Amino acid sequence: MRSSIVQQFLDGFVELFSSLRLAILLMITLVILATLVIGLWASGALAYQEILVRDGGTIAGKVSFNGKIPEPQHFLVQKNPDVCGKERDFAFVRVSNGALQNVVVVLQGVERGKPFAAPPTQFEWKDCVSLPYVATAPKKSAEEWPVFKIENKDTVVHNPHTFELLGAGRRTLWNIALPEQGSKLEKEVRVRKGNVIKLECDQHDFMHSWIRVVENPYFAIVAGDGHFEIGDVSPGTYKVVAWHPILGEQTQEVNVGVRGRTKADFTFTGK
Ligand SMILES: [Cu+2]
């Protein structure tokens with residue numbers, strides 16, 4: 001009799017313990033899952049998703065410049081004046097017939113939509129100029145880094161140096177010499193938090209390019225006349241950002257209707 005009471009007590013204890021253990025295991029699993037989901041979300045690892053866009057609309061507009069156009073910066077060439085010239089002027093702000101050049105327009109935070117191609121961003125370093133001056137670098141998910149391809153077409157040493165820009169600060173990504181004509185590099189740019197990369201040459205302080213990281217295919221670089229167009233946009237409300245490397249960015253909210261055409265014009269002003 002006594003032994004069966006003890007047995008019952010023991011059985012009950014074992015049962016309680018195993019259900020407690022189960023509950024604890026369940027809680028631990030839930031905590032791990034929640035941490036993972038929050039972590040993925042915070043790191044942006046939840047990649048852009050390609051879907052079939054039906055009845056998409058278009059956002060189009062023009063980016064203008066008003067006011068005094070800043071003077072180009074004048075540089076005295078220290079290295080390789082035989083190839084690069086003795087002096088250089090570099091225009092950080094370029095305007096053509098009132099149209100601001102080198103602006104990237106992006107739709108912010110679009111998580112799914114039309115196909116997103118992510119080819120390497122290509123630069124040609126020729127006549128001691130880095131071209132293009134402004135480019136985009138597609139980043140499809142947290143772990144798929146944009147890639148830069150640079151070719152040295154000059155007979156002098158160029159030394160591409162990339163920086164991730166973070167507010168007023170900047171962090172070196174890499175710094176690789178291209179010693180001779182025909183030297184090439186192809187390398188990931190592991191940008192962490194920022195969405196702007198600066199490309200410079202450590203040999204020549206008048207060589208500059210700026211790159212906007214784009215996380216969806218809804219972006220455009222303005223044409224020479226200032227116009228841009230972004231198509232296949234699912235109907236909805238969007239934040240349109242116009243970004244210039246020197247003049248900063250402007251944002252406006254627009255609505256895109258079924259197969260609609262929405263206008264988004266921007267005007268930057270001289271300081
Ligand atoms: Cu150089």
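Which residue in strand 18 does V105 stand opposite? In this predicted model, local features need pLDDT of at least 70 and side-chain atom pairs count only at pLDDT 80 or more, while totals for chains, interfaces and linings use all residues. Residues are numbered from 1 along each chain as its sequence is written. The residue opposite V105 is A220 of strand 18.

Helices (H or I, at least four residues) and strands (E, at least two) are taken as DSSP runs and numbered from the N terminus. Two strands are said to pair if DSSP finds at least two bridges between them. Strand 7, residues 104-107, is joined to strand 18 by three bridges in the antiparallel sense. Both belong to an open sheet of four strands, in the order 18-7-20-21, with antiparallel pairing. Strand 18 (219-221) and strand 21 (248-256) each have a single partner strand, so one side of each edge strand is left without a neighbour in the sheet. On average, neighbouring strands of this sheet are turned by 20° against each other, direction ignored. For such angles, axes are lines fitted to C-alpha atoms (for helices, over the stretch in contact), and values run from 0 to 180 degrees between N-to-C directions.

V105 also takes part in the largest nonpolar core, which has 41 residues. A nonpolar core is a set of buried Ala, Val, Leu, Ile, Met, Phe, Trp, Tyr and Cys residues joined through C-beta atoms within 7 Å. A residue counts as buried if 20 or more other C-beta atoms lie within 10 Å of its own, as exposed if 12 or fewer do, and as partly exposed in between, with C-beta atoms placed from the backbone. V103, V105, L107, I197 and I230 touch the most other members of the largest core. Neighbours within four places in sequence aside, the contacts of V105 (C-beta atoms, placed from the backbone, within 7 Å) are F219, A220, V222, F228, I230, V240, V241 and A242. Another core, of six residues, lies apart from the largest one and includes C84, V129, C201 and M207. In soluble globular proteins, nonpolar side chains tend to be buried together.

A second open sheet of four strands shows mixed pairing and the order 10-9-12-15. Its edge strands, strand 10 and strand 15 (184-188), each pair on one side only. The twist from one strand to the next averages 20°. Strand 12 (residues 147-152) and strand 15 run antiparallel and are joined by five bridges; within this pair, F148 stands opposite K187.

Several loop residues were also examined. K139, in the loop between strand 11 and strand 12, is buried, with 22 C-beta neighbours inside 10 Å. Beyond four places in sequence, K139 is in contact with E144, W145, P146, V213, V214 and E215. K139 and N195 are 56 residues apart along the chain, and their C-alpha atoms are separated by 9.8 Å.

Most residues other than glycine have a negative phi, and most peptide bonds are trans. N80, in the loop between strand 3 (73-76) and helix 2 (81-84), has a positive phi near 55°. N80 is partly exposed, with 16 other C-beta atoms within 10 Å. D127, which lies in the loop between strand 9 (121-126) and strand 10, likewise has a positive phi, of about 55°. With 11 C-beta neighbours inside 10 Å, D127 is exposed. A cis peptide bond, with omega about 0°, joins L131 and P132; P132 is located in the loop between strand 10 (129-131) and strand 11 (134-138).

Terms used. Contact = placed C-beta atoms within 7 Å.
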